[in-house]
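Please examine the sequence and the structure shown below before reading on. The briefing that follows is written for a student who is new to protein structure.

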Amino acid sequence: MKRFEAIDIIKKLLDGVNPVTGQVLGRNHVCCEPEVMRALHSAVMAMEAGASREDAPSDIDAKWYRRNGSLNAGRPWTEKDS
């Protein structure tokens with residue numbers, strides 16, 4: 001499964017829709033619980049952020065990510081950085 005397909009499925013669950021059948025989920029469905037919805041939203045944000053980093057091979061994108069601290073997160077400092 002591709003990342004964008006997984007994101008689409010999770011977003012449908014967040015909208016209260018069964019991603020397979022298209023039917024509206026009942027009010028008592030586990031995906032309609034506030035904590036579950038927050039967790040699903042966090043998962044979508046993390047997956048979209050991961051997709052952004054993977055899609056940043058160009059120099060322009062890489063500079064933007066470096067400026068915003070995303071591309072080098074977790075990497076050790078170099079002599080140039082200090």
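The points below describe the overall fold, the helices, the core and the cysteines in turn.

The structure is a predicted model. The protein contains 3 helices and 0 strands, arranged along the sequence in the pattern α-α-α. Its largest nonpolar core comprises 10 residues, and helix H1 gives the most to this core.

**Overall features**

- Of the protein's 82 residues, 21% count as buried.
- The accessible surface amounts to about 6,600 Å², and carbon and sulfur atoms account for 55% of this area.
- When contacts between residues at least 6 apart in sequence are considered, 37% of them join residues at least 24 apart.

**Helix H1**

- Helix H1 covers residues 3-14, which is 12 residues.
- At 1.5 Å a residue, H1 should span 16 Å, and this agrees with the 17 Å between its end C-alpha atoms.
- The buried residues in H1 are Ala6, Ile7, Ile10, Leu13 and Leu14.
- Viewed down the axis of H1, these buried residues fall within an arc of 120°, and therefore they line one face of the helix.
- Just after H1, Gly16 adopts a positive phi of about 80°.

**Ile9, a partly exposed residue of H1**

- Ile9 also has its place in helix H1, but it counts as partly exposed because its relative accessibility is 32%, and the buried range lies under 20%.
- Leaving aside neighbours within four places in sequence, Ile9 is in contact with Met1 and Pro19.
- Ile9 and Pro19 are 10 residues apart along the chain, and their C-alpha atoms are separated by 5.6 Å.

**The largest nonpolar core**

- In soluble globular proteins, nonpolar side chains tend to be buried together.
- The largest nonpolar core here consists of Ala6, Ile7, Ile10, Leu13, Leu14, Leu25, Cys31, Leu40, Val44 and Met47.
- Both H1 and helix H2 (34-54) supply at least two residues of this core.
- The contribution of H1 is 5 residues.

- Leu13, with its neighbours within four places in sequence set aside, is in contact with Pro19, Leu25, Cys31 and Leu40.
- Met47 lies in helix H2, and beyond its neighbours within four places in sequence it is in contact with Arg3, Ala6, Ile7 and Ile10.
- Although Met47 and Ile7 are 40 residues apart in sequence, they are 7.2 Å apart in space from C-alpha to C-alpha.

**The cysteines**

- A disulfide is a covalent bond between the sulfur atoms of two cysteines.
- The count for this model comes to 0 disulfides.
- Cys31 is in no disulfide, and the nearest cysteine sulfur, that of Cys32, is 6.8 Å away.
- For Cys32, which is likewise in no disulfide, the nearest cysteine sulfur is that of Cys31.
- Cys31 is buried, because its relative accessible area is 10% and the cut-off for buried is under 20%.
- Cys32 counts as partly exposed, because its relative accessibility is 26%.

Terms used. Residues numbered from 1 in each chain as written. Predicted model: local features only at pLDDT ≥ 70, side-chain atom pairs only at ≥ 80, totals over all residues. Heavy atoms only, no water. Helix = DSSP H or I, 4+ residues; strand = E, 2+ residues; numbered from the N terminus. Expected span 1.5 Å × (residues − 1). Buried < 20%, exposed > 50% of the residue type's maximum accessible area, 1.4 Å probe, protein only. Arc of directions from axis to C-beta. Contact = heavy atoms within 4.5 Å. Areas by Shrake-Rupley, 256 points an atom, 1.4 Å probe, with all protein chains shown as cover. Core = buried A, V, L, I, M, F, W, Y, C linked by side-chain atoms within 4.5 Å. Disulfide = S-S within 2.5 Å.
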